[in-house]
Amino acid sequence: MLLFDFDGTLSPTVPQPELARLPDRMRRVLTGLVEMPACRVGVVSGRGLDDLRIRADVPGLLLAGSGGLEWEIDGVRGAVPMQAVYAGNDANDAEAMAEVARRGGWTLAVGPDAPPADQRLDSPEALAEWLEALAATLRCLSTPARGRSV
């Protein structure tokens, strides 16, 4: 499986997100890969799924929008039904972060250029520390309580 980000990876970085387009050469390359029987090709983006579908308009691509919260595989759409945590570092993450917040999730802004969020962290190192604390909490919650047998 091959997975790619859209903005700045499959399409050139542009000053306004609505100007992003899949270049013709990239469209031809992706079409060729999608047509290979042993190859699944997908695009994961912070963009909403409908916006991504318009821009990554190659039949057969697996699409995941809003940072993977909504997806389309072989024409079937779905969405992550649960709350999520989304960490982003720039304006390209704003739409996905807004969707996570709308669904009751938690958003983390990493670095000075990150969009508004529930919590702001200074750096990827600070995010690692935050995630380590989360993992420790989850381990505690998933450890069965030990008490005396009655």
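Analyst: What follows concerns a predicted model, taken one topic at a time.

User: In what order do the three strands of the open sheet come?

Analyst: The order is β6-β7-β8, and the strands pair in parallel.

User: Which strands stand at the edges?

Analyst: Those are β6, residues 85-88, and β8, residues 119-121. Each has a single partner strand, so one side of each lacks a neighbour in the sheet. From one strand to the next, the twist averages 25°.

User: How many bridges join β6 and β7?

Analyst: There are four bridges, in the parallel sense, between β6 and strand β7, which covers residues 106-110. Within this pair, V85 stands opposite W106 of β7.

User: Now the helix. Which strands does α3 touch?

Analyst: Helix α3, residues 94-102, packs on the sheet and touches β6 and β7. The direction of α3 makes about 150° with that of β7.

User: And which residues of α3 are buried?

Analyst: They are A96, M97, E99 and V100. Seen down the axis of α3, these buried residues fall within an arc of 160°, so they line one face of the helix.

User: Why would residues a few places apart point the same way?

Analyst: An α-helix has 3.6 residues a turn, so residues three or four places apart point the same way.

User: What do the buried residues of α3 pack against?

Analyst: They pack against β6 and β7.

Terms used:
Residues numbered from 1 in each chain as written. Predicted model: local features only at pLDDT ≥ 70, side-chain atom pairs only at ≥ 80, totals over all residues. Heavy atoms only, no water. Pairing = 2+ DSSP bridges. Helix = DSSP H or I, 4+ residues; strand = E, 2+ residues; numbered from the N terminus. Axes fitted to C-alpha atoms, helices over the stretch in contact; angles between N-to-C directions. Contact = heavy atoms within 4.5 Å. Buried < 20%, exposed > 50% of the residue type's maximum accessible area, 1.4 Å probe, protein only. Arc of directions from axis to C-beta.
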